[in-house]
Amino acid sequence: MASRPVLGSRCSRLGLLRSILGPAAPYIVGAANQGGRCATILLVVIKKVILASPRGFCAGVVRAIDTVEIALQNFDEPLYVRKEIVHNPYVVENLRRKGVRFVDELDEVPQGERVIFSAHGVSPKVWERAKAKSLKVIDATCPLVTKVHKEARKFAKLGYTIVLIGHVGHEEVEGTMGEAPHHMELVSSVEDVDRLELEDPEKVAYLTQTTLSLNDTRIIVEALRRKFPRIEGPPSEDICYATQNRQEAVREMAENVDLILVVGAMNSSNSNRLVEEARQHGTPSYLISDVHSIDPGWLEDIETVGITSGASAPESLVHDAVEFFKSQGADVEEFITRRENVQFALPSAVSDG
Ligand code: SF4
């Protein structure tokens, strides 16, 4: 079976072609490896790279990573972090190398130690467990996730059934559901809404995960409104500004490019939604963890590549991808749809440390 083509893989024919074309030729040369041998060579003309803006780190991710970095400086080791601080393996590995101990659950944290909760938030049960173990908690939950938790508590207190629109198994959803487990129903699609049977259809509210597709969520909310005409929503949009702005940029960029590459982790909800957004607008799109995961086959017949990144993807990974295309002769221009200036204060447990 042929192995996946690899960009710039070692191959004598590739070297020969590069020497013929010259370093400034506007060609990307990819090689497909077959059993370690160079099987096919692709000549691809990428003339332009369009870089979406805004892209990459949001204020919640910056705050979470800064929280860990400052805690490392301010407190003696060991420093534990429950779950990935943000959904990106490069960020996690970088912090691990600096001494952070990542754990899945608090059972792995010894009594009385210091632990940071990730940007995705935790349920009250996790707080109770931390208290029982006398852990020193630094809460790096994004304030925009905390806002959804507060809304869940408010609606539950008023006796509403809360329909949470979100993805099964996502950490943020688990945390929010945990705020009012006996009052919550999770839906991810219109079909889920069709199946919903609620005890009191007159007293229903909906909330959403912060990193959903705007389009898909609108369709699900419309289905909920049809089924429960008196349903109430959150006072302001739960899908966060960063998710909205990155989707808007992709939507507008999709008209001007032949392909959109989204730099982000496979488990990053907002990154996956950017790929979907591009595809929904008829533009092929792929999620890449870094420049090495670009399949040269994607670049055939492509002249203009759009690049963006999810809210937890470091800019250095975008830079590597851009530099790769630049080194092959592509022009690079930025496509600015909006300026962001959102900042969140650090958790007091770390800023006061
Ligand atoms: Fe907060 Fe939105 Fe960033 Fe999630 S994506 S950390 S909700 S700002």
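Two strands pair if DSSP finds at least two bridges between them. On that basis, this predicted model has an open sheet of three strands in the order β10-β9-β11, with parallel pairing. Another open sheet has four strands, in the order β6-β5-β7-β8, and its pairing is parallel too. A ligand lies between domain 2 and domain 3, because both give residues to the shell around it.

**Three-stranded sheet**

- The order β10-β9-β11 puts β10 (184–187) and β11 (204–208) at the edges.
- Each of these edge strands has a single partner strand, so one side of each is left without a neighbour in the sheet.
- From one strand to the next, the twist averages 25°.
- Strand β9 (residues 161–165) runs parallel to β11, and five bridges join them.
- Within this pair, Thr161 stands opposite Val204 in β11.
- Helix α5 (residues 143–157) packs on the sheet and touches β9 and β11.
- The direction of α5 makes about 170° with that of β11.

**Four-stranded sheet**

- In the order β6-β5-β7-β8, the edges are β6 (100–103) and β8.
- Both β6 and β8 have a single partner strand, so one side of each lacks a neighbour in the sheet.
- The twist here averages 30° from one strand to the next.
- Strand β5 (residues 79–82) is joined to β7 by four bridges, and the two run parallel.
- Tyr80 has Val115 in β7 as its bridge partner.
- On to β8, Val115 has Val137 as its bridge partner.
- Four bridges join β7 (residues 114–117) to β8 (residues 136–139), again in parallel.
- Between β7 and β8 the chain passes through helix α4 (residues 124–132), and this β-α-β crossover is right-handed.

**Ligand shell**

- There are 15 residues around the ligand.
- Cys58, Gly60, Cys142, Thr210 and Cys240 come nearest.
- By class, the shell has 10 nonpolar and five polar residues, and no charged ones.
- Helices α2 (59–74), α5 and α9 (241–253) each supply at least two residues of the shell.
- The largest share, three residues, comes from α2.
- Domain 2 (59–142 + 347–351) and domain 3 (144–227) both contribute to the shell, so the ligand lies between them.

Terms used:
Residues are numbered from 1 along each chain as its sequence is written. This is a predicted model: local features need pLDDT of at least 70, side-chain atom pairs count only at pLDDT 80 or more; totals for chains, interfaces and linings use all residues. A crossover is right-handed if, with the strands pointing away from the viewer, the path from the first strand over the helix to the second runs clockwise. Axes are lines fitted to C-alpha atoms, for helices over the stretch in contact, and angles run from 0 to 180 degrees between N-to-C directions. Two residues are in contact if their C-beta atoms, placed from the backbone, lie within 7 Å. A residue is near a molecule or strand if its C-beta atom, placed from the backbone, lies within 6 Å of it. Ala, Val, Leu, Ile, Met, Phe, Trp, Tyr, Cys and Pro count as nonpolar, Asp, Glu, Lys and Arg as charged, and the others, Gly among them, as polar. Domain bounds come from an automatic or database domain assignment.
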